[in-house]
Amino acid sequence: MTQHTAMLIDASGIQDYVFGSNELTQNIGASELVTQATTDWLFAEQSGLLPRPHNAERSERSASARWRLTDKGLSDGLAAEVVYAGGGNALILFASDVKAKDVAFKLTKKALQEAPGLRLILAHRPYAVGQLAATVKGLRDELAVKKRAPQHSAPLLGLGVTAACNFTGAPAVGIDSDNRYVSAEVAAKQGAGRPDGLGNERLLEYLSDIRGLNYEFIYDFNKLGDRDESSYLAVVHTDGNRMGERIEAYADQNSDSDEAYIRAQRAFSVKVQEAAHTALVSTVGVLLAPTNREWDKKERLYKIGRKIPIRRDDDGTERLPFRPIVFGGDDVTFVCDGRLGLPLAAHYLSRLAREILPDGDPLYARAGIAIVKNHYPFARAYGLAEELCASAKEFIRKADSDKRRIAAMDWHFAVTGLVQPLKQLRQREYMLGQGENAPSLLLRPLRLAPVDANEWRSWDVFSDILEEFVSPDGQWFNRRNKVKGLREALRAGPNAVRLFLRNLPDSPTLPQPLALASAGDAAQTGWQGNTCLYFDAIEALDFYVPLEEV
């Protein structure tokens, strides 16, 4: 009986590898090396490790992925067939077990030499025709066991005459352009992440529209924010809901035939890549829209939302205050000016939810947004964004425990710079008592899609309230002291809010979006049960620049 070999490749511990540095160049380079290891290193025309012929071809510029997978397979005489690849993992079929082992050897050797610190885990096993689905399931189980197993590597931590890397403490192998000692791992990341490196090249291919307007992406966390007004950056981490389960369930419906199983896996993977690409292109489109990007005659530069400048380098290069670090799949992370974090994340998730995947359901996702000072430890900021994403996930689970067909987001403003777990931060700053049922100042996490006109814990309600506070036609416009007074009244509870509003000279009312019609006397007290409906919006006033949809 004819036997082929299936191989699963997985980059493990990506978050620590990519986000463990406070230098954006290293974050960019590390992300690029993860992508390279499961795509370009394998498929490149001259130096690719896969035996030829195979089914990966170079895509056109601006495509959702650099490599396009054709429908040809092993039955067409290929030596290797890529089922899917990207985002740090790949499933590849080989006509020969010997070729599979050869690729495994060369790939892991290349990773050790060119991407020190990157942990690649591989599993491969032969399978008979008709047994591919069961074999892949076995490989996934095997990978899971390997991931949980403790690492046995014993890195050389230095000799008596070595210098220590300024970033990792590992033995230095060189000095970078800023005269800092760097280890092999840091040198590799810096090389891939520099402005003329592979990471930037891939991003400019992926989001090519900005080149049409002669823009580049930022390359330094210090370039985010406005020193005179708001020196904050936002770390936005998004992840699709139940993606692994959905892909597996969809492919399993076609598990009776190897060809059908391959087509299902590939179709789902490609559609996820296309959906994420569409949503990210649309998000950049919001930044570039003429309605959101205006020329400031006084400062002689463009501003986004009339507030956030698009700065120029000394050589005249204009850089958008925005940069994707991880992209290409449902797991996306980008950084931007702190005031853009909420509107850009909301747009990205909403746009993503309009994309329908092969199983017939939209691509719903969640996001965590950590808004921190520019010099806040980046690894910690990313960790906070992950915690917030998990909070949004829990919100979704409670609302729709079975299908999780909801897009939601959560955020935190790290104004004090205090580094604590999210739960402790929220208990300390937002809870009016002890225990899970204590009154909370937080309305978030919030639902974005699908829109429910009666849902008051939603992005629409939050943004309507916030815009009412800043609208020139609203009762609260330019009344900063009164708004601050309202914030303190909200902290004191419903009766304090009633008294505060009654004692104001013109007795203004609180913003009342339609969805709050079902929220009792919230417009008079600011509270619905144990949940405050207005504190989030007031807190966000200094961290939010509204953008018009395009």
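A salt bridge here is a side-chain nitrogen of Lys or Arg within 4 Å of a carboxyl oxygen of Asp or Glu. This is a predicted model, in which local features need pLDDT of at least 70 and side-chain atom pairs count only at pLDDT 80 or more, while totals for chains, interfaces and linings use all residues. Residues are numbered from 1 along each chain as its sequence is written, and side-chain values use heavy atoms, with hydrogens and water left out.

Q: How far apart are the closest N and O atoms of K146 and E142?
A: K146 and E142 are 4 residues apart in helix α5 (residues 132-148), which means that about one helical turn separates them. Helices (H or I, at least four residues) and strands (E, at least two) are DSSP runs, numbered from the N terminus. The two residues form a salt bridge, and their closest N and O atoms are separated by 3.6 Å.

Q: Is K146 buried or exposed, or partly exposed?
A: Buried means under 20% relative accessible area, exposed over 50%, and partly exposed in between (1.4 Å probe, protein chains only). E142, the partner of K146 in the salt bridge, has a relative accessibility of 25% and counts as partly exposed. K146 has 34% relative accessibility, so K146 is partly exposed.

Q: Which residue forms a salt bridge with K271, and how many residues apart in sequence are the parts that the pair ties together?
A: The partner of K271 is E355, with the closest N and O atoms 3.3 Å apart. K271 lies in helix α10 (residues 258-288) and E355 in the loop between α11 (341-352) and β17 (365-373), so the parts tied together are 84 residues apart in sequence. K271 is partly exposed at 23% relative accessible area. E355, the partner asked for, is buried at 11%.

Q: Which residue forms a salt bridge with E387?
A: E387 is partly exposed, at 29% relative accessibility. The closest N and O atoms of the pair are 3.3 Å apart, and the partner is R380.

Q: How many salt bridges does the count come to?
A: Some salt bridges share partners, and these join E32, D40, R58, R66, E201, R202 and E205 into one network. By the 4 Å rule, the count comes to 45.

Q: Which residue in β6 stands opposite I9?
A: Two strands pair if DSSP finds at least two bridges between them. Strand β1 and strand β6 (residues 119-128) run antiparallel and are joined by 10 bridges. In this pairing, the residue opposite I9 is L122.

Q: How many of the 10 residues of strand β1 are buried?
A: Strand β1 (residues 3-12) also pairs with strand β5 (residues 89-94), in the antiparallel sense over 6 bridges. There A6 stands opposite L93. The rest of the structure largely encloses β1, because its count of buried residues is 9.

Q: Which strands stand at the edges of the open sheet of 3 strands?
A: The sheet has the order β11-β12-β13, with antiparallel pairing. Strand β12 (residues 301-304) is joined to β13 by 2 bridges, and K303 stands opposite P309. Each edge strand has a single partner, so one side of each lacks a neighbour in the sheet; they are β11 (293-296) and β13 (308-309).

Q: Where is the cis peptide bond with omega near -10°?
A: Most peptide bonds are trans. One that is cis runs from R444 to P445, with omega near 5°, and P445 sits in the loop between α13 (422-429) and β19 (446-449). P450 lies in the loop between β19 and α14. The bond with omega near -10° is the one from A449 to P450.

Q: What is the phi of N214?
A: Most residues other than glycine have a negative phi. N214 lies in the loop between α8 (209-212) and β9 (215-217) and is exposed, at 62% relative accessibility. N214 is not a glycine, yet its phi is positive, at about 60°.

Q: In which loop is R242 found?
A: R242, which is not a glycine, has a positive phi of about 55°. R242 is partly exposed, with a relative accessibility of 21%. The loop is the one between β10 (232-240) and α9 (243-252).
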